[in-house]
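Subject: Structure handover

Hi,

Here is the structure I promised to pass on. Have a look at it first, and then read my notes below.

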Amino acid sequence: MPVRSANPIRARSLIRDNLEKQAGCLNLIHSRMPNIKVFSGTSHPDLAQRIVDRLGIDLGKVVTKKFSNLETCVEIGESVRGEDVYIVQSGSGEINDNLMELLIMINACKIASASRVTAVIPCFPYARQDKKDKLAGSDDTEEAKKLAKKNYDWKFRSRAPISAKLVANMLSVAGADHIITMDLHASQIQGFFDIPVDNLYAEPAVLKWIKENIPEWKNSIIVSPDAGGAKRVTSIADRLNVEFALIHKERKKANEVASMVLVGDVKDKIAILVDDMADTCGTIVHAADRLVEAGATKVYAILTHGIFSGPAISRINNACFEAVVVTNTIPQDGHMRDCPKIQCIDVSMMFAEAVRRTHNGESVSYLFSNVPY
């Protein structure tokens, strides 16, 4: 209620008292919330810098190095006692070294008496190894092809590891209190943890990019390159009020796609392939060819995590894509230099806002359907 009084001196006094009470409440809140520190691993320093720039703070001082025997050594360069610590490390590049570096950084902060340690992992490592029903290794790797040629008994699937669960256990044992990630390959990975996990979505940023960069997006159709991504594409199609389609892969045997069956009508439409990640890009390139055969006028691919290993870049350069759009959960500068078709969506503001809301004890559900500005 506004302060009203016939006596101006009395009114000013009441306003001053109200302001002092509000300031006292804010000071109480800040006294309960420890200061914030953000550290970066070596996997993606550019994203970490963008996050702290958005938050208006400096990046924490940390030194990471390797001994001559390639052991990882981490030294935290400032006090974290009683602090709310966030460590940014993505599952890209030399994944095993980066994962070990993250675990050591978490443990170093924990035993240095940090109040809370949050691992910000834009691309979760080993996310594809989330269950036992698949052949170890990617479909396009030489190792997988060799295994297929040997006609292994497919019963060996039951002895495959669930590595995503192992990574979850390692993060918890290292001392992580909270995980922030984006577009997990499988949502059930959140259940592998006994600590809170905030799985952010790139969908709001993807919708924004489509509306701003595809002039005829109302004549588009959202396509999933496999049946597993149907839920993702239907959500985007509903938000855009357009149709969706999916491609079903039929395999005669392991690592050989016999045919790709398109379910949906893409004739005379702009096809937008949407997936959570692309590694060697074999699937999305075959899907793009199938869409063009079915009459699509243009084909775009939008991916959250652009891993682009092996022959991925050459495949994209030779494919019929108008553009391949990825987020910067993984460093993309080198890929963009090698392939002019690759474009990047910056999602640092979503991670920065998630960090800010987590630090202040606010809900992050706003980020599931909105892009912070």
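Which residues in α2 meet α11, and which residues in α11 do they meet? A quick word on the source before I answer: this is a predicted model, where local features need pLDDT of at least 70 and side-chain atom pairs count only at pLDDT 80 or more, while totals for chains, interfaces and linings use all residues. Residues are numbered from 1 along each chain as its sequence is written, and side-chain values use heavy atoms, with hydrogens and water left out.

**The helix pair**

On the α2 side you will find Leu47, Arg50, Ile51, Arg54 and Leu55, and these meet Ser348, Met349, Phe351, Ala352, Val355 and Arg356 in α11 (contact means heavy atoms within 4.5 Å). By class, this contact has seven nonpolar, one polar and three charged residues. Here Ala, Val, Leu, Ile, Met, Phe, Trp, Tyr, Cys and Pro count as nonpolar, Asp, Glu, Lys and Arg as charged, and the others, Gly among them, as polar.

Helix α2 covers residues 45-55 and helix α11 residues 348-359; helices are DSSP runs (H or I, at least four residues), numbered from the N terminus. Their axes come within 9 Å and cross at roughly 55°. Axes are lines fitted to C-alpha atoms over the stretch in contact, with angles from 0 to 180 degrees between N-to-C directions. α2 and α11 are therefore oblique to each other (angles under 35 degrees are roughly parallel, over 145 roughly antiparallel, 65 to 115 roughly perpendicular, and the rest oblique).

**A pocket**

Met349 turns up again in the lining of the second largest pocket, which has a volume of about 150 Å³. A pocket is an open set of points on a 1 Å grid, with protein on both sides within 12 Å along at least five of seven lines; lining residues have an atom within 4 Å of a point. A volume is the space filled by probe spheres set on the points, which are joined across faces, edges and corners. Helix α6 (residues 203-213) gives the largest share of this lining, five residues.

**The cavities**

There are two cavities of 30 Å³ or more; in a cavity, a 1.4 Å probe fits but cannot get out. The largest, of about 40 Å³, has His185, Met277 and His305 among its lining residues.

Best wishes

Notes: Helices (H or I, at least four residues) and strands (E, at least two) are DSSP runs, numbered from the N terminus.
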